[in-house]
Amino acid sequence: MEINTCTATKTTTTATGDVEVRCAKPTGHASAGDPQHEAKLGVFPVRWRSAGDERE
């Protein structure tokens with residue numbers, strides 16, 4: 001099964017501990033000139049830019 005979303009992940013701190021979130025944008029968005037990753041944790045948006053510690 002092919003994954004059609006970005007594989008970048010980020011660990012974010014919540015009141016109950018650290019949670020890993022995965023970018024929900026399409027595969028290749030960063031190489032296409034859109035370096036901003038996005039995910040949602042419940043109703044809260046999580047955004048970050050590409051860096052050496054995320055995978056894409």
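Of the contacts in this protein with a separation of 6 or more, 27% are between residues 24 or more positions apart. Contact here means heavy atoms within 4.5 Å.

Before going on, a note on the model. It is a predicted model, where local features need pLDDT of at least 70 and side-chain atom pairs count only at pLDDT 80 or more, while totals for chains, interfaces and linings use all residues. Residues are numbered from 1 along each chain as its sequence is written, and side-chain values use heavy atoms, with hydrogens and water left out.

Now the secondary structure. The protein has 0 helices and 4 strands, and from the N terminus on the order is β-β-β-β. Both kinds of element are DSSP runs, numbered from the N terminus: helices are H or I with at least four residues, strands are E with at least two.

Take β1 and β2. Strand β1 covers residues 9-14 and strand β2 covers residues 17-22, and they pair in the antiparallel sense over 6 bridges. Two strands pair if DSSP finds at least two bridges between them. With 2 residues between them, β1 and β2 form a hairpin.

Next, the surface. The protein exposes about 4,000 Å², and carbon and sulfur atoms supply 53% of that. Accessible areas come from the Shrake-Rupley method with a 1.4 Å probe; for residues, only the protein chains shown count as cover. Of the 56 residues, 23% are buried. Buried means under 20% relative accessible area, exposed means over 50%, and partly exposed is in between, with a 1.4 Å probe and protein chains only.

Last, the cysteines. How many disulfides are there? A disulfide is a pair of cysteine sulfur atoms within 2.5 Å, and by this rule the count is 0. Cys 6 is in no disulfide, and the nearest cysteine sulfur, in Cys 23, is 4.0 Å away.
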